[in-house]
Amino acid sequence: FMILLGALLFLSNMTFAEDKINHYAEGIPIDTTEVSISDKPTSPDRLYVDSLSLKRHFIHRIGIEARPGYIFPTSSFFRGENLNWKPIENSLSLHLKYSFQFHPNTYNDRIYRGAYQGIGVGYYNMYEKPQLGNPLTVYLFQGARIARFNQRLSLNYEWNFGASFGWKPYHSDLNPYNKVIGSKVNAYLNTNFYFNWMLSPKFDFTTGVAVTHFSNGNTKFPNAGLNSIGLKVGLVYNINRKEECFAKPLYQSPVPKFPRHISYDWYCSVHGAERSNDGEGQMVASPETYPVLGFNFAPMYNFGYKFRAGISLDGVYDGSANVYSPDGYGDELLKPSAGKQLALGVSGRAEYVMPYFTVGIGLGTNVIHAGGDLKSFYQILALKIEVTRNSSFISDIIYRISMIQLSDAGIRIQVQ
């Protein structure tokens with residue numbers, strides 16, 4: 001994960017420099033608004049070199065947050081069927097975050113509405129350490145402006161995606177009541193909407209609403225997961241932001257027109273999944289983890305800088321599909337022929353494109369299959385992390401209605 005972050009930060013500078021080189025070579029005007037008037041050199045070559053300085057590219061930020069939350073009672077465990085026979089309702093998390101942001105009034109700032117991205121760590125207290133633990137989260141995040149009310153106040157959004165460690169999972173002898181968390185490591189997803197007040201050139205105050213989800217993506221049972229909603233309050237220190245960020249520019253050159261085009265996504269993945277089977281009216285966990293292989297090919301029409309959509313052909317081999325128990329109790333699980341674990345589906349895809357990250361959603365159905373578990377609709381939530389200009393690392397969460405939940409990671413190649 002840390003290697004991935006280091007690659008992200010390094011490639012962010014390389015990508016930015018590459019784009020500048022391309023613009024300069026093709027005769028497209030360099031966005032000189034990212035350099036202050038007093039710093040602008042008279043030589044075009046000097047301007048180009050200066051504009052590639054890391055210090056001038058980004059505003060570097062350190063943030064702290066507190067997020068008190070309410071845990072949704074989605075399970076009898078949270079409603080009081082636990083060791084203490086009391087509802088588990090509250091949580092509190094503390095976060096430390098680093099991010100970098102494009103300077104105000106640059107092309108990237110104007111196109112992507114003040115986008116920022118970085119890494120964060122959080123400590124969660126569920127007030128039930130013996131049964132749930134106090135997990136630590138490590139995550140990537142990105143946010144941007146939804147609306148600006150004036151130069152100091154805006155409404156923003158932010159997503160977090162990462163992993164959480166230190167859970168107390170279900171154990172038939174040591175932790176029998178906790179039938180919602182099955183593994184010590186779980187995925188962490190958060191979305192929040194908040195107001196951002198620029199108190200000074202150095203400090204921002206943030207407050208809003210945050211929604212959080214923890215689960216292990218069906219890699220281990222039980223996997224009911226934990227969901228919460230709450231408030232967030234934070235303070236951001238902008239290390240190198242200047243007073244001029246409060247000023248409205250007298251003139252802004254037009255943003256270059258986006259060349260609409262079709263791109264093609266090729267994607268393959270491999271991961272594992274557990275399976276539960278209905279024996280005598282109850283869900284029984286499988287004794288093993290099954291392999292799952294997938295691919296998709298999607299022509300995507302790029303409507304603008306931030307949105308593309310298309311149709312995808314999706315193939316899957318699911319080693320957990322249509323397994324069955326001869327005795328009906330789940331003591332022994334048998335696998336059917338490979339043909340009953342293969343499916344080909346079609347889905348509609350839409351993607352929100354931002355610097356370094358792309359968030360995608362999809363809805364599809366299997367059209368060629370052998371029935372059973374594979375006769376299903378499925379939903380896709382995907383996060384792509386740009387690695388090079390034409391490839392990305394991707395993490396998907398796929399939910400198949402009336403079937404199982406899968407989590408996978410793979411490599412995607414995009415051809416423009």
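This is a predicted model: local features need pLDDT of at least 70, side-chain atom pairs count only at pLDDT 80 or more; totals for chains, interfaces and linings use all residues.
Strands here are DSSP runs of at least two residues, numbered from the N terminus. Twelve bridges hold β6 and strand β7 (residues 203–215) together in an antiparallel pair, in which Tyr 188 stands opposite Phe 214 of β7.

Nine bridges join strand β1 (residues 58–71) to strand β8 (residues 226–238), with Ile 64 placed opposite Leu 235 in β8.

The structure holds nine salt bridges, and Glu 65, Arg 67, Lys 97, Glu 158 and Lys 232 are linked in a network of them. Lys 97 meets Glu 65 at 2.9 Å, N to O; Lys 97 is in strand β2 (residues 90–102) and Glu 65 in β1, 32 residues apart. Lys 97 also pairs with Glu 158 at 2.7 Å. Because Lys 97 lies in β2 and Glu 158 in β5, this pair ties together parts 61 residues apart in sequence. Lys 97 counts as buried at 7% relative accessibility, as does Glu 65 at 9% and Glu 158 at 2%.

A further salt bridge joins Asp 265 and Lys 384, with the closest N and O atoms 2.6 Å apart. Asp 265 sits in strand β9 (residues 261–273) and Lys 384 in strand β16 (residues 377–388), 119 residues apart. Both Asp 265 and Lys 384 are buried.

Terms used:
Residues are numbered from 1 along each chain as its sequence is written. Side-chain values use heavy atoms; hydrogens and water are left out. Two strands pair if DSSP finds at least two bridges between them. Helices (H or I, at least four residues) and strands (E, at least two) are DSSP runs, numbered from the N terminus. A salt bridge is a side-chain nitrogen of Lys or Arg within 4 Å of a carboxyl oxygen of Asp or Glu. Buried means under 20% relative accessible area, exposed over 50%, partly exposed in between (1.4 Å probe, protein chains only).
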